[in-house]
Amino acid sequence: MLQLKEYQSRALEALKDYFIACKRIGNADTAFYETTGKWIGTKLPYQNVKQMDGLPYVCIRIPTGGGKTLVACHAVGIAQKEHLGADRSIVLWLVPSNTIKDQTINSLKNKNHPYRQAIEKSIGQVEIMDIQQALYLKKSVLAGQNVIIVSTVQAFRVEETEGRKVYEQSGELQEHFVNIPVNKAKDLECYNGSNKPIPSLANVLKIHRPIVIIDEAHNARTHLSFETLARFDPSCIIEFTATPDTEDNPSNVLYRASAAELKSDNMIKIPIRLETRNDWRELLSDAIKTRETLEKLAVEEKQSTGEYIRPIMLLQAQRRSQTQETLTYEVIEKSLKEDFNIPKEQIAIETGNQRDLDGVILDSPDCKIKYVITVDALREGWDCPFAYVLFTVAESYSNRAVEQILGRILRLPKAELKKNELLNIAYAYASSPNWLTVAGNLRDALVNNGFNQLEAKDLITYQETQKELFEQQDDSGLPLWASTITVSIENMPDTDSLSDELKNTFSINEQAKEMTFKTDITETIRNKFKKETKDKVILKAVDEAYEKSVAKNISLKNKLRKKYIFSIPVLAIREGNLFEQFEKTHLLDYQWSLTKCNHKLIETEYSGKREYGSLGEIGVDGKGQLSVEFLDKLANDVLLFDNDTNWTDTELTIWLDKNIPHDDIPKNETFPFILNGIQYLINKRGLKIEFLALDKLKLRQAVENKIEFHRQQAQTKAYQSLLF
């Protein structure tokens with residue numbers, strides 16, 4: 001199973017913190033304000049969607065190539081555990097196209113795929129289906145396991161044939177509506193003139209309050225999409241995108257991963273080397289030579305590390321025109337075969353009418369394809385880390401024309417640095433007389449793939465000739481020895497409100513329209529500026545200087561890590577006549593037993609009081625509008641459909657033992673410890689088993705904290721015994 005990168009883990013931690021804050025505060029808005037203060041550094045206002053008032057609706061921003069889908073798989077478990085507090089859930093997984101839908105379904109169904117493995121680790125047994133299969137969803141399936149329905153947003157719109165079926169009655173779904181509580185039934189869509197719910201898939205979803213995952217969410221933030229989603233009464237919505245909407249319907253960005261983090265974790269090929277020429281055949285010759293050279297380096301890499309890589313070139317042709325001659329895919333294909341003797345079996349055409357890649361496993365050693373010609377058919381859902389070289393003769397190099405195909409060459413195979421540095425970067429060749437124009441538009445394309453303005457500027461480097469391509473070049477946008485940071489400003493800023501301390505950190509060149517900071521801008525300094533001034537010119541300059549400081553420091557650390565080797569003393573432990581570096585695992589040898597530890601949960605550890613707040617209460621806000629405290633309403637719905645009745649102390653112990661991580665403590669110790677703790681709560685503190693089952697999330701946290709306390713006590717004793 002793929003291990004999460006640091007920034008992926010941080011994104012999930014931010015999401016977990018948000019849901020915990022939602023429960024604690026009881027308000028999605030305030031929880032977002034608090035959580036962004038911790039994870040982004042600025043407390044951001046919450047953008048409420050009026051169609052789903054009060055709904056936790058947040059966005060995780062990860063640039064292209066950053067593994068959004070893997071993070072989404074783990075996010076489902078966090079939403080289910082920390083937000084719903086349920087053992088099972090139904091998930092509506094929405095994607096922007098049928099191509100991505102098919103890929104997602106295939107990946108999630110494949111038990112050997114990292115996505116499926118991540119899902120099963122996150123929520124356990126799961127059934128994956130599309131809308132057509134969901135129209136026959138059995139109640140027993142929902143009762144016994146998790147269900148993920150993968151679809152496009154468009155498929156739920158009533159103007160689509162498939163969408164109409166979602167809202168129409170279906171005898172196959174009738175069993176879901178037997179003995180449904182009256183207060184729940186009144187919220188469902190009913191037959192005209194009656195209170196009888198329509199047995200539709202839409203109503204089944206509404207009953208169970210699905211967790212909604214939206215991939216490439218910037219495509220789904222329209223009023224029509226909001227209205228569609230509202231019909232299913234979701235429990236929460238989590239967006240994943242490289243480019244969240246910031247204007248029309250701004251996303252609530254909870255966490256932002258940067259390109260620097262992706263590069264540091266070896267997720268992407270960076271920088272992108274760019275070459276431009278007027279003569280497209282000469283340009284193609286350079287591109288082919290680059291791919292062939294990379295292939296030779298890949299052979300050496302395999303001999304050294306065992307990793308198989310077959311560098312692939314993507315060739316973007318021009319559209320066919322009725323008025324002028326264009327460089328269509330046929331022209332490019334003919335040139336490859338006739339001008340460069342490329343065998344036919346190494347070429348694939350991927351256009352609207354010709355799909356040579358269907359069913360092809362590009363990363364298989366048996367695959368012979370090295371050149372893929374397209375116009376823009378690769379823009380949706382195509383992913384191959386072997387794609388290293390982009391060759392384009394597109395008529396326009398606008399960011400929209402190349403942004404998606406550029407993203408196709410960014411992923412680094414296996415997310416691991418290669419020994420040869422030339423296999424860690426990407427290459428772009430564009431037929432154009434103006435390199436600066438192309439470079440600028442490629443930077444814009446990177447921005448549209450989720451990189452920020454500063455990163456995009458620094459990630460494209462210039463190569464004029466084939467010889468220069470393979471010379472070692474510094475990829476840092478800033479000199480490592482630079483002690484000052486200069487940024488451009490549009491207007492003269494108002495510095496009157498700044499303290500002398502901050503005024504001394506910069507100087508302004510009015511003629512050059514530049515602001516020069518005399519030192520690196522840290523998070524602390526940036527926050528001081530934000531507290532002392534509202535001037536937009538200053539704040540924009542400070543933000544850019546901060547980003548440059550971060551990028552420079554990362555680059556410096558990487559350079560130092562490569563060029564300097566030094567040793568430091570480490571704590572060691574004697575094993576016979578040998579010394580081993582001390583690790584936490586040595587503490588595991590210390591003999592201790594959880595069964596001998598105090599199992600009693602006192603009131604300060606577990607209050608035994610359940611706060612219901614305004615559960616189920618409908619009120620009127622200050623504007624005279626009806627409002628629902630969503631989190632409380634959700635808590636009620638989860639209780640209705642989580643079957644938390646008729647529990648025994650043994651059943652509750654089994655549930656807690658399963659949901660509390662304790663790989664280092666055997667079950668024959670945790671089980672009696674938890675059971676004794678529950679019996680203490682019942683027999684000594686007078687709490688009923690029904691209440692404990694109802695409050696099992698808080699109880700789980702209390703028991704987990706108790707076990708962790710004893711674990712830390714034991715490790716402290718073990719550490720002391722090793723020292724003395």
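Author: Let's call it a contact when heavy atoms of two residues lie within 4.5 Å. Among contacts in the protein chain between residues at least 6 apart in sequence, 74% join residues at least 24 apart. Bear in mind that this is a predicted model, where local features need pLDDT of at least 70 and side-chain atom pairs pLDDT 80 or more, while totals for chains, interfaces and linings use all residues. Numbering runs from 1 along each chain as its sequence is written, and side-chain values use heavy atoms, without hydrogens or water.

The chain has 724 residues, and 50% of them count as buried (under 20% relative accessible area with a 1.4 Å probe, protein chains only; exposed is over 50%, partly exposed in between). Its secondary structure comes to 26 helices and 21 strands, taken from DSSP runs of at least four residues (H or I) and at least two (E), numbered from the N terminus.

Now for the inside. The structure holds two cavities of 30 Å³ or more, a cavity being a set of points on a 1 Å grid over the protein atoms where a 1.4 Å probe fits but cannot get out. The largest cavity has a volume of about 50 Å³, the space filled by probe spheres set on the points, which are joined across faces, edges and corners.

Who lines the largest cavity? His599, Leu601, Phe673, Ile674, Gly677, Ile678, Val703 and Lys706 do, each with an atom within 4 Å of a point. By type, that lining splits into five nonpolar, two polar and one charged residue (Ala, Val, Leu, Ile, Met, Phe, Trp, Tyr, Cys and Pro are nonpolar, Asp, Glu, Lys and Arg charged, the others, Gly among them, polar).

The largest nonpolar core has 140 residues, and Tyr18, Tyr57, Trp93 and Phe391 have the most contacts inside it. A second, separate core of 24 residues includes Ile674, Ile689, Ala693 and Val703. A core here is a set of buried Ala, Val, Leu, Ile, Met, Phe, Trp, Tyr and Cys residues joined through side-chain atoms within 4.5 Å. In soluble globular proteins, nonpolar side chains tend to be buried together.

Notes
1 Å grid on protein atoms, 1.4 Å probe; cavity = no way out; pocket = protein on both sides within 12 Å on 5 of 7 lines; lining within 4 Å.
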